[in-house]
Amino acid sequence: MDRAVVTLDVPVRWTDLDLQGHVNNTLVAEYLQEARTALMEAGPNSHMVSGGIVVVGHSVEYLRSIGFGEQPLVAQVGVFGVGASRFNAKYELWQGGELCARATTALCPFDFDAQRPRRLTVGERAWFVEVAGEAPESRPLSVPALEGRGHVHPFQVRWGDVDRYGHVNNVRHFDYVQEARIAATTSADPSMRRDGGQVRWVVARQDVDYVGQISHRMQPYAVHTTIAGLGRTSYTLAAEIVDPLADGQVLARARTVQVCTDASGVKRELPQSTREALGRMLVS
């Protein structure tokens with residue numbers, strides 16, 4: 001990485017592994033959070049960690065699986081794109097000398113007393129500019145607004161989902177989108193529910209934009225999920241986390257690219273039955 005500010009080992013826990021025997025894609029967002037916190041603690045802006053900073057958006061590319069074992073997971077994190085009230089973090093995750101993931105995060109200082117974003121101070125911005133490097137290359141994932149369309153999956157916020165700022169932590173949004181994605185696709189094609197066969201489903205890219213805060217409450221929120229693109233070996237999903245009690249107000253938007261592989265992880269064409277089922281969910 002060009003101009004990595006911090007390099008650190010990130011512990012991989014046994015409980016981070018999913019049914020396929022590697023670290024679940026949602027846990028990568030948690031590793032990014034650990035790396036980002038180390039970045040903030042390394043410089044003169046450590047007060048922002050407790051004082052208030054929010055994630056505006058994530059973009060994560062999953063390049064190879066992360067395992068549990070003797071090889072440590074090494075995170076490199078840097079800064080780019082410093083503005084008046086926003087800056088960006090960039091990451092690379094390495095294991096055993098291989099690049100496992102690349103990611104970026106858009107961040108904004110936030111005044112939680114006033115419940116609004118604030119500008120970076122002169123001193124805060126000066127350090128970010130001093131350590132900033134080049135913006136990584138990344139292609140945008142464009143999907144249509146759902147406007148209430150798609151498979152609806154209600155979910156309950158757990159008390160443990162809420163962080164020290166009093167709202168649902170940004171990492172947990174990946175959990176909600178994953179649960180909704182599985183519910184939507186397996187409802188369309190029940191054969192996708194089977195694990196350990198000749199077909200595996202691997203997340204290759206996931207972007208999340210945070211529009212509003214989610215709080216703990218007893219009434220459920222919901223995720224709308226649909227298919228936004230079908231390729232030969234992959235498909236793209238669009239998802240919106242909404243508040244049914246506020247006329248479907250959108251609280252977050254996500255875009256996910258999922259790849260079809262064989263049992264050894266090599267790309268293969270989508271099964272015809274799956275293509276037809278997902279095609280019926282396709283929106284333009």
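This is a predicted model: local features need pLDDT of at least 70, side-chain atom pairs count only at pLDDT 80 or more; totals for chains, interfaces and linings use all residues.
A residue is termed buried when its relative accessible area is under 20%, and exposed when that area is over 50%.

The domain assignment divides the protein chain into domain 1, residues 1-138, and domain 2, residues 141-283. A distance of 22 Å separates the C-alpha centres of domain 1 and domain 2. The two domains are in contact through 27 residues of domain 1 and 23 residues of domain 2.

The second largest pocket has a volume of about 620 Å³. Its lining is made up of 27 residues, and those closest to the pocket centre are Ile 53, Val 54, Val 55, Tyr 165 and His 167. At least two lining residues are supplied by each of helix α1, strand β2 (53-62), strand β5 (98-111) and helix α4 (170-188). When the lining of this pocket is sorted by class, 15 residues are nonpolar, eight are polar and four are charged. Because domain 1 and domain 2 both give residues to the lining, the second largest pocket lies between them.

In helix α3, which spans residues 122-131, Glu 124, Trp 127, Phe 128 and Val 131 are buried. These residues lie on the same side of α3, because they cover an arc of only 95° around the axis. Val 122 and Glu 130, on the other side of α3, are exposed. The elements that cover the buried residues of α3 include helix α1 (25-42), helix α2 (47-51), strand β3 (73-80) and strand β4 (87-95).

Helix α5 comprises residues 272-279, and its buried residues are Thr 274, Ala 277 and Leu 278. They are placed on the same side of α5, because the arc that they cover around the axis is only 95°. Among the elements covering the buried residues of α5 are helix α4 and the strands β8 (200-210), β9 (221-230) and β10.

Helix α1, one of the elements that cover the buried residues of α3, contains Asn 25. Asn 25 has a relative accessible area of 11% and therefore counts as buried, the limit being under 20%. Apart from neighbours within four places in sequence, the residues in contact with Asn 25 are Tyr 62, Gln 178, Arg 181, Val 203 and Gln 206.

Two further buried residues, Tyr 221 and Leu 251, were considered together. Tyr 221 lies in strand β9, whereas Leu 251 has its place in strand β11. With a relative accessible area of 4%, Tyr 221 is buried; Leu 251 is likewise classed as buried, at 4% relative accessibility. Although 30 residues apart along the chain, Leu 251 and Tyr 221 have C-alpha atoms separated by 9.7 Å. When residues up to four places away in sequence are not counted, Leu 251 touches Tyr 210, Val 211, Gly 212, Gln 213, Ile 214, Tyr 221, Ile 241, Val 242 and Asp 243. For Tyr 221 and His 153, which are 68 residues apart along the chain, the separation of the C-alpha atoms is 8.6 Å.

Backbone geometry was considered last. Most residues other than glycine have a negative phi. Arg 3, a residue other than glycine, has a positive phi near 60°. Arg 3 is found in the segment before strand β1 (6-10), and its relative accessibility of 45% makes it partly exposed. A positive phi near 60° also occurs at Asp 247, again a residue other than glycine. Asp 247 is located in the loop between strand β10 (234-243) and strand β11 (249-261). Its relative accessible area of 81% is over the limit of 50%, so Asp 247 is exposed.

Technical notes:
Residues are numbered from 1 along each chain as its sequence is written. Side-chain values use heavy atoms; hydrogens and water are left out. Helices (H or I, at least four residues) and strands (E, at least two) are DSSP runs, numbered from the N terminus. Buried means under 20% relative accessible area, exposed over 50%, partly exposed in between (1.4 Å probe, protein chains only). The arc is that of the directions from the helix axis to the C-beta atoms. Contact means heavy atoms within 4.5 Å. On a 1 Å grid over the protein atoms alone, a cavity is a set of points where a 1.4 Å probe fits but cannot get out, and a pocket is an open set with protein on both sides within 12 Å along at least five of seven lines; lining residues have an atom within 4 Å of a point. Grid points are joined across faces, edges and corners, and a volume is the space filled by probe spheres set on the points. Ala, Val, Leu, Ile, Met, Phe, Trp, Tyr, Cys and Pro count as nonpolar, Asp, Glu, Lys and Arg as charged, and the others, Gly among them, as polar. Domain bounds come from an automatic or database domain assignment.
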